[in-house]
Amino acid sequence: MRTLEQTTKEVIDLAAKHFQLQPGVLAPEDDFFKKLGIDSLQTLELLSRLENHFGIELPDYEVQGVSDFKTLAARIQSRL
Amino acid sequence: MLDLSKYQSLGEALKDAVERFAPEICLMESDREKEKERLTYEEFGLRAHPFARALQESGFSEGDRASIIMTNQSKYLISAYAVLYSGGVLVPLDWMLSPEEQWELFHHSGARVLITEFSIWQRLCKSTARPDASQLGLVLVTEAPRKADLQGARRWEEFRSDAMPNFVARRRSDLAVIGYSSGTGGRPKGCLLTHENYLEQCIGLTSIYPFWPGIRYLSILPTSHAIDFMVGFIGPFTCGATVVHLRTLRPEYFRDAFTRYKIGYVSVVPLVLKNLRAAMQARLDALSRGKRLIFNALVSVNKGLTKGRPRSWLSRRLLHQVHDSLGGELRAIIVGGAFSEPETLQFFYDLGIPVANGYGQTEACTAVTVNDLRPFRADTVGKPLPGIELQIADPDSEGIGEVCVRGKTVMAGYLDDPELSAETIVDGWLHTGDRGKIDQRGHLQLFGRSKNMIVSPEGLNIYPENVEGFFEDLPVEEFCVFAANYIWPQNTMLGEQLVLVLRLKKDQALDEQLRNLIISRNSRLRNYQRVHGVVLTSEEFPRTTGRRLKRHLLRDRLAQLDRRSSIQGI
């Protein structure tokens, strides 16, 4: 079983890969809308990638209002 | 379709639709790759009537209000039908709002029944704004796991009674829906919409964009949104058409739905349209040079042939790859909720995909103007719908002034706010707060807003006053939030953003510490609500003797500053 820290790291690595950034530039508390300059639909695209990686289903409502990697990782963690 | 001029209420029209179109497919519900539901109108009635009966047996009666907070799905429309059948008033609330906002609007609406999904109910229960059980009436939740703690709610799926419900007649002037077009934080704006508003709106819209049995509408905008409520429920149902629901808005499933369900119409907000365009553009860019040349030549032919009006069958043959990728049945993309870039609209039209861009407000039921495509115009939001009058109040030398609307679709007023109602509807004219002009061909062109608000590309109304609460106790002398275009009108609906106006304390500077504090407060806001810059002023804010901000006076003062050099990034 992964720890929340491990999940957070994997989320950040995947986000960096998806948006073609160096993993080091993203931090757990980062607001991904601002840091990545993405909109709500691009966030949903990232979610599909995260679902495939973690082998879970994340309903859209689960991520409503989430804007930082740490909270996103916690939502994923609760479904692992 | 049903002749809606003969009907008194939405409940009556929907009841007849269920009987008249009994064998036609009414609803389809898809969750990712799986199809979860497919109902005919007859099957829809068999689900909705026992629900309506149970509602009536619980004491729900004429004029009672029921709120629905759900994602787009069949149970939403079944519940809405049952409420209207029972003579009730619907209060559709956006499932994307925060639980606090949902509770606030729920209370404001006076609803005594709440119909929601289990996951949303869980979030509502965790909120500190949750009322005592004694203050809350009936709560029905869908899709609750078998052993879940329902926290006082009842299971939607088990809420049924086998006796036939009583149909409750309503008059045209009676209230049908209380519609909220935004979240709140200050002054909730509950639009009082009557049965007449909806019946007339539906007549006008379907005269230009008709539905019929067999045509499929893809419902992805929240059904609580005025557009989807009309064109994703009332419109298709009264014509016997099919509504397709998706349980996820992931772009890949959204695009896939077009081919899987042979979609005829879809409504989107500009953000989704832009995303769809980017995906199509990427595919076109991937064509080899030779294929690209041929494709461009075909687009040119299509443009020439569709200059005066769309010719769908011809465009589908000429540019079949593009149309096939969208299912080959798409008649129009309806776009609204916020302003669309003309360039994006033209992109689709050139490919033979008409985009029905329009303009509307919840206060006017849904649409005020719509592009009738004869010819297509990307630079306007179309002409008024039949039965709607437009007027430009106090036009300047270029004919630009406030857009005012009159007709049978204009709301009765705002719930429990006679002052705001009287300011907004004057002598029957709805003052929209949007600036525009009417050109020689009767098309409306928009040039920004005359009120302090913005609309996000997702189609959400944001009032600066509602954002100010998030900056409370900021260690400055005083502050407020404005829409930048309200201070400095730009003659455009694009690029709208909020700015934080600060008056610093004596010897205080906008240093890193203060900036970080603003950034941290900003991050608690939804991405579309955030302030994008800071404007510093050294003069005291004009206020009433009761210390209330005289916003318009401060606006006039700030307008003297140069916009570009005054807005500092954060």
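## Basis of the model

The model is predicted: local features need pLDDT of at least 70, side-chain atom pairs count only at pLDDT 80 or more, and totals for chains, interfaces and linings use all residues. Residues are numbered from 1 along each chain as its sequence is written, while chains are lettered from A and ligands numbered from 1 in the order in which they are written.

## Chain A

Chain A contains four helices and zero strands, and its elements run α-α-α-α from the N terminus on. Helices (H or I, at least four residues) and strands (E, at least two) are DSSP runs, numbered from the N terminus.

Along the principal axes, the C-alpha atoms of chain A fill a box of roughly 30 × 25 × 20 Å. Of the 80 residues in chain A, 19% are buried. A residue counts as buried if 20 or more other C-beta atoms lie within 10 Å of its own, as exposed if 12 or fewer do, and as partly exposed in between, with C-beta atoms placed from the backbone.

## The contact between chains A and B

The contact takes 15 residues from chain A and 18 residues from chain B. Two residues are in contact if their C-beta atoms, placed from the backbone, lie within 7 Å. On the side of chain B that touches chain A, two or more residues each come from helix 5 (118-126), helix 8 (251-261) and helix 9 (270-285) of chain B. Helix 9 of chain B gives the most to this side, with three residues.

By class, the side of chain B that touches chain A has seven nonpolar, seven polar and four charged residues. Ala, Val, Leu, Ile, Met, Phe, Trp, Tyr, Cys and Pro count as nonpolar, Asp, Glu, Lys and Arg as charged, and the others, Gly among them, as polar.

## Domains of chain B

Chain B is divided into domain 1 (4-266), domain 2 (269-449) and domain 3 (463-568), with bounds from an automatic or database domain assignment. The centres of domain 2 and domain 3 of chain B, taken over C-alpha atoms, are separated by 32 Å. Six residues of domain 2 of chain B are in contact with eight residues of domain 3 of chain B.

## A buried loop residue

B:Leu326 lies in the loop between helix 12 (320-325) and strand 13 (332-335) of chain B. B:Leu326 is buried because 22 other C-beta atoms are within 10 Å.
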